[in-house]
Amino acid sequence: MARRRQIYEGKAKVLFEGPEPGTLVAHFKDDATAFNNQKRGTITGKGVLNNRISEFLMLKLHDIGIPTHFIRRLNMREQLIREVEVIPVEVVVRNVAAGSMSQRLGVPEGTQLPRSIVEYYYKNDELGDPMVCEEHITAFGWASPQDIDDFLAMTLRINDFLTGVFMGIGIKLIDFKLEYGRIYDENGDVRVVLADEISPDNCRLWDLATGEKMDKDRFRRDLGQVEEAYQEVARRLGILPEGATLETIAREEEDGEKG
């Protein structure tokens, strides 16, 4: 296999040049980071599970008309995506107080919010991804007012939809982070699309009955059973069949490629 040209390496993924112009290959890693890269570790099989979970959810969102950068999954750890001009703003939706919101505002973790709250953060690791408002975003040219209208409307739809998806499998969607990018067509027209991934890495997911955490907070807070939590989310979504393991899925995919 010809060596692929690496475009970028982030905390959770590596991006390679894609097979066609305007495409990239995203490789999902098992590396785990928290607190702006201050804590590092490995979650065995995380890349495989996040690749599958994100594929599943991106396709579901596509079905309800949300434009995304996702094209198709290539193998256990990789997916083909459209290359986008990244908007350097992280969009966070909070349905229940948790994490930094509880710390900043003194709201007890687990408090149901009267309505979903959308927050914006400037995507910059060196600055610790500071919280910003729409005035910052437009003043510094990170996104236009129209961009903000577009991704805010999409974010609210995504929140409504995903809340229902997870509720249906006994999971409460506490909060989550989204990223967006711009795609230009041959006429120079631009549209904003959902980018990055949707997985237990960037969603807070609590068991509806027990309140048990089923996301990267298990790694952040040294709660243990991190791999098991990710696998349980995949099982409930129907991605990881009951009784199956990552090893059996790998063997099945390898056999399929040989066939």
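This is a short walk through one protein chain, from its overall form down to single residues.

First, the ground rules. The model is predicted, so local features need pLDDT of at least 70 and side-chain atom pairs count only at pLDDT 80 or more, while totals for chains, interfaces and linings use all residues. Residues are numbered from 1 along each chain as its sequence is written, and side-chain values use heavy atoms, with hydrogens and water left out.

Now the whole chain. It has seven helices and 13 strands. Those are DSSP runs, numbered from the N terminus: helices are H or I with at least four residues, strands are E with at least two. The radius of gyration, taken over C-alpha atoms, is 18 Å. The globule rule, 2.2 Å times the number of residues to the power 0.38, gives a close 18 Å for 259 residues, so the chain is as compact as a globular protein of that length. Of the 259 residues, 49% count as buried. Buried means under 20% relative accessible area, exposed over 50%, and partly exposed in between, with a 1.4 Å probe and protein chains only.

Five strands form an open sheet in the order 1-2-3-7-6, with antiparallel pairing. Two strands pair if DSSP finds at least two bridges between them. At the edges sit strand 1 (6–9) and strand 6 (70–73), each pairing on one side only. Three bridges join strand 1 to strand 2 (residues 13–17). In one of the pairs, Tyr8 has Leu15 of strand 2 as its bridge partner. Helix 1 (residues 46–63) packs on this sheet and touches strand 3 (23–28), strand 6 and strand 7 (78–82). Touching is contact: heavy atoms within 4.5 Å.

Now inside. Which residues touch the most other members of the largest nonpolar core? They are Phe151, Ile158, Phe166, Tyr180, Leu194 and Ile198, out of 46 residues. Such a core is a set of buried Ala, Val, Leu, Ile, Met, Phe, Trp, Tyr and Cys residues joined through side-chain atoms within 4.5 Å. Helix 4 (residues 145–167) gives the largest share, seven residues. Another core lies apart, with five residues, among them Leu24, Ala26, Phe28 and Ile81.

Look at Leu194. Not counting residues up to four places away in sequence, its contacts include Met58, Leu61, Ile158 and Tyr180.

Last stop, helix 6 (residues 226–236). Its buried residues include Val226, Tyr230 and Val233. Just after helix 6, Gly238 takes a positive phi of about 85 degrees.

How values were computed:
Axes fitted to C-alpha atoms, helices over the stretch in contact; angles between N-to-C directions.
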